[in-house]
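Have the viewer open as you read.

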Amino acid sequence: MQFHHHGYVSGDPRRHPAAGTGLDRPTELPDTMDVLVVGAGPAGMITAAQLSMFPDLSTRIIDRRPHRLEVGQADGIQARSVETFQAFGFASEVTDEAYRITEMAFWKPDPANPDHIYRANRAIDDEVGISEFPHLIVNQARVLDYFAEFMDNSPSRMRPDYGWEFVDLTVADDPDATDHPVEVRLRRTGDDNPDAGTERTVRARYVVGCDGARSGVRRSIGRKLEGDQANHAWGVMDVLASTDFPDIRLKCAIQSRSGGSILLIPREGGHLFRMYVDLGTVTEERKSTIRSTTIEEIIAKANEILTPYSVDVRHVAWHSVYEVGHRLTDKFDDVDDRERTPRVFITGDACHTHSAKAGQGMNVSMQDGFNIGWKLGAVLSGTSPAELLHTYSAERQVVAKDLIDFDRTWSTLMATPPEEFDDPSFLENFYVKTAEFPAGFMTEYAPSLITGDTEHQELAAGYPVGKRFKSAIVSRVCDTNPIHLGHQATADGRWRVYVFADGAAAGTPDSPVAKWAEWVATDPDSPLVWGPKPGPDDDSLLDLRVIYQQLHADILINEVPGVFFPEVGPFRLTNMEKVFGVTTTDDIFTERGISRDGAVVVVRPDQYVAAVLPLDEPEALGAFFRPVFGG
């Protein structure tokens, strides 16, 4: 973390100085704004948090609840989400607070006594090292709290506006002919609010609907959720209980011979746990009554499945009944073609619904929000053309479809009696074999305005174009600290350019790195020369970092090209922290398959690899960024 470059900081360095809209942020909703985010769930909060780092933009986030969420339905935090939290600065806090999943146990009917269950197998949660971050369980409400804190600490001092319910919206016939073309009708909520029921209209340049499966924003733009109807029901409960079940603090898939199945999820805090209890197929006769299943019935069903063990529930923190349905909209915005720029977007459950078994709802929703958040920030701040916004629906709709296909398989397997599997180990084998998908690392964006082709992929085989940038240990030269390269990227809307040097030492005349750096610093075709200037710092557009093949002690820092030492802040201080070498135990070139001739890896603001380019062709960088920055 860098601070002091704007002057001495004696307080919390995570709290940025107020700027832009944060200097005089109105308490009440203004009549006009750049972006209105509807819904303060995971997708909405990460969208607003990303936009809060653009202080010159007016962004508001509303929610019909009168206050912060107290008990969240979602709880599974996949490793990809923790990577994302690192960019927002709270990965370590969440990890310290959460329950960490390291193994999963599989319980099945005991062959010696099929009416009883026994532990048949265990599986390591991430046995191949998909990520350096763990798989966590923590209340959704706490995740929202961390995003709220980030927003409040941001230059824009953003806070959710609670007690506002979305009613409907209309988009002007010619959106480009007016500054705020989306008219939104809102209604005051709250039992104790004397203004409850009153309506008002606001106008926005863009609206992001993060308002759940019954989304009013989705309805207003004419999108519909299409797909399978729910045909299987589950009771879910967060409880404190006394039990003789030995794996109560271990994630478990429990299958009984005739009583159904349970997915057991230990919760944070050492005592709370969640159970998804199989309530069976929802027949036509049961459709009208399944939702009224009582907590007592859910507990009784759980005890039936757990035989010979039992749970004596002492306290119920939350419970519900839901039916598994897999539905998806055909577009995640308000346009069917490219006749105009989209003005309204939907995220999360508003555009894709599925079961909770794979632990994907909150995680995929947050990636939706991260995706659209930085893109809106780039367009509204003038860094990128409005054409960029077409990539949101194109990218995220494919991800949602893949998720629904996976979840349909997983939820079906969880509801299948174990005796119906040809292979008794099929469920646990499937869990291990597909671990990378639920962990959040199978997303691979197709070529587009912001994702290049794979012509030069062999130069950095470990950084597949379109997939997330997987971090690795490097040694920072200025202070000799071994650090994770990817952890230095923050959620500030900037693009990252990682320059992996050839084998020549720093300062070698006419080396590929030296020539690349000179081109980027001076050539008229370089984005640093012709590109937009979103801020006064030299690195406000592109965050350039160089990684040498030598140990840090063998790198003469004064011989490194000056473009890797940007001047920042009002005092024009030199940033020394962008030059790296390998360590004695970790060689990122070997670990990530980087060519010893060097390579340039371009990474999007949302941590996905956008391009792999040759080090000896610096003009390729300019060609890539021309359409991205509208040059």
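Gln-607 counts as buried, at 12% relative accessibility (buried is under 20% relative accessible area, exposed over 50%, partly exposed in between, with a 1.4 Å probe and protein chains only). Gln-607 isn't a glycine, yet has a positive phi of about 80°, and sits in the loop between β28 (599–603) and β29 (609–613). Strands here are DSSP runs of E with at least two residues, helices are runs of H or I with at least four, and both are numbered from the N terminus.

Arg-572, also a non-glycine, has a positive phi of about 55°. You'll find Arg-572 in the loop between β25 (567–568) and β26 (573–574), partly exposed at 35%. Then there's the cis peptide bond from Thr-307 to Pro-308, with omega near 15°; Pro-308 belongs to the loop between α6 (295–306) and β17 (311–323).

## Ground rules

This is a predicted model: local features need pLDDT of at least 70, side-chain atom pairs count only at pLDDT 80 or more, and totals for chains, interfaces and linings use all residues. Residues are numbered from 1 along each chain as its sequence is written, and side-chain values use heavy atoms, leaving out hydrogens and water.

## Cysteines

How many disulfides are there? The count is zero, taking a disulfide as a pair of cysteine sulfur atoms within 2.5 Å. For Cys-210, the closest cysteine sulfur is in Cys-351, 8.8 Å away and too far for a bond. Cys-210 is buried at 10% relative accessibility, while Cys-478 is partly exposed at 32%.

## Helix α13

Glu-619 lies in helix α13 (residues 619–628) and is partly exposed, with a relative accessible area of 46%.
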